[in-house]
Amino acid sequence: MTKFNDTLLRAARGEKIEHTPVWYMRQAGRSQPEYLKIKEKYSLEQITHQPELCAYVTKLPVDQYDVDAAILYKDIVTPLPGLGIDVQIKAGVGPVIANPIRSVQDVHNLGDLSPQDDIPFVLETIKILTNEQLNVPLIGFAGAPFTLASYMIEGGPSKSYNLTKSFMVSEPQAWFALMDKLADMTITYITAQVEAGAKAIQIFDSWVGALNVADYRIFIKPTMTRIFAELRKLNVPLITFGVGASHLANEWHDLPVDVVGLDWRLSIKEAGERGMTKPLQGNLDPSMLLADWSVIEERAKTIIEQGVAHGNHIFNLGHGVFPAVKPATLKKLTELIHTYSAELRK
């Protein structure tokens with residue numbers, strides 16, 4: 001195996017790096033021909049339940065794009081069946097839940113995650129990748145309590161989160177019981193991933209941007225503080241990320257995390273001007289990947305320049321790769337990020 005590339009880990013810890021590391025959310029799967037062929041035969045759930053196949057899908061972008069990290073191929077709802085949630089991932093829709101949360105009793109009826117019993121396939125995939133295959137860090141991940149709760153209460157994806165937000169303010173006892181339950185699950189889940197070999201962790205609070213700052217501080221931040229405080233004991237870099245949540249970026253910066261992930265709505269430069277000093281991750285608008293290369297190059301260089309000026313920076317997209325993106329574009333972008341940032345960091 002070639003020398004282990006720890007650039008992302010060093011960047012996350014604020015240490016000296018030779019180039020800006022890069023990985024892409026949803027880099028595994030989506031637009032790769034090899035993956036699309038696998039998807040003709042297997043669903044996402046079927047792939048994740050086959051560790052050798054899941055490891056192959058996870059590693060594909062490392063081999064094809066030369067990115068500085070792999071992220072485990074799975075869904076954020078993967079651990080929910082362990083709590084007794086009846087969830088199915090439906091093509092073109094997303095996670096659909098047959099037994100949504102409607103009361104405090106529903107929360108009390110939830111079970112506890114037992115990683116060895118409920119998600120052994122996840123742990124086995126991690127072991128395969130970290131013991132045999134990867135020369136870059138494997139990023140493990142989990143959905144944050146608000147984002148998971150939004151699926152559990154709405155019964156599926158939502159654009160408004162009306163049921164979730166009204167439940168949060170109308171049933172505070174049930175809400176905080178649910179937050180505690182999901183926090184415990186997240187800590188257990190992530191700990192198991194790290195013990196299996198994950199070298200860094202990202203918590204996706206994808207939909208928390210639906211809340212204002214005041215509600216975030218009351219209903220979410222204490223839970224996130226507890227989760228990250230516990231996960232710090234694992235001694236791996238911790239990254240937080242959400243979409244459409246620039247108004248919450250400074251709240252995330254307050255959390256005991258190592259890296260704050262930004263979507264494309266808040267630039268690296270503006271984040272620094274707000275007083276955010278921790279390493280940042282992001283944040284090319286993934287839609288730009290369908291533009292002419294001259295546009296992609298210009299946008300990427302601006303982000304790289306701002307990241308170098310900020311200090312330590314991990315390049316990523318502002319959200320996930322989508323199916324129409326050509327793998328060749330991601331490979332070319334990775335090369336640009338590595339070479340241009342190396343020139344700037346000399």
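This is a predicted model: local features need pLDDT of at least 70, side-chain atom pairs count only at pLDDT 80 or more; totals for chains, interfaces and linings use all residues.
I started with H4 and H7: Pro51, Glu52, Cys54, Ala55, Thr58 and Lys59 of H4 touch Phe121, Glu124, Thr125, Ile128, Leu129 and Gln133 of H7, where contact means heavy atoms within 4.5 Å. By class, I noted six nonpolar, three polar and three charged residues in this contact of H4 with H7. My classes were: Ala, Val, Leu, Ile, Met, Phe, Trp, Tyr, Cys and Pro as nonpolar, Asp, Glu, Lys and Arg as charged, and the others, Gly among them, as polar.

Residues are numbered from 1 along each chain as its sequence is written, and side-chain values use heavy atoms, with hydrogens and water left out.

**Helix pairs**

I looked up the geometry of H4 (residues 51–65) and H7 (residues 120–133) next, and their axes come within 9 Å and cross at roughly 55°. Axes here are lines fitted to C-alpha atoms, for helices over the stretch in contact, and angles run from 0 to 180 degrees between N-to-C directions. Helices (H or I, at least four residues) and strands (E, at least two) are DSSP runs, numbered from the N terminus. H4 and H7 are therefore oblique to each other; under 35 degrees counts as roughly parallel, over 145 as roughly antiparallel, 65 to 115 as roughly perpendicular, and the rest as oblique. H4 passes H7 in a right-handed crossing, that is, with the near helix turned clockwise from the far one by less than a right angle.

On the H10 side the contact residues include Met179, Ile187 and Ile190, and on the H12 side they include Ile227 and Leu231. By class, this contact has six nonpolar, three polar and four charged residues.

**Voids**

For the space inside, I used a 1 Å grid over the protein atoms alone: a cavity is a set of points where a 1.4 Å probe fits but cannot get out, a pocket is an open set with protein on both sides within 12 Å along at least five of seven lines, and lining residues have an atom within 4 Å of a point. The whole structure has one cavity of 30 Å³ or more. The largest cavity has a volume of about 30 Å³, and its lining includes Ala245, Trp252, Asp263 and Leu266.

The largest pocket has a volume of about 1000 Å³. It is lined by 38 residues, and Arg26, Arg30, Leu44, Lys74 and Asp75 are the closest to its centre. H2 gives the most to this lining, with three residues. By class I read 22 nonpolar, nine polar and seven charged residues around the largest pocket.

**Backbone**

Most residues other than glycine have a negative phi, and most peptide bonds are trans. I flagged a cis peptide bond between Gly282 and Asn283, with omega about -5°; Asn283 sits in strand S8 (residues 280–284). Asp66, not a glycine, has a positive phi of about 65°, and I placed Asp66 in the loop between H4 and strand S1 (70–71).

How values were computed
Grid points are joined across faces, edges and corners, and a volume is the space filled by probe spheres set on the points.
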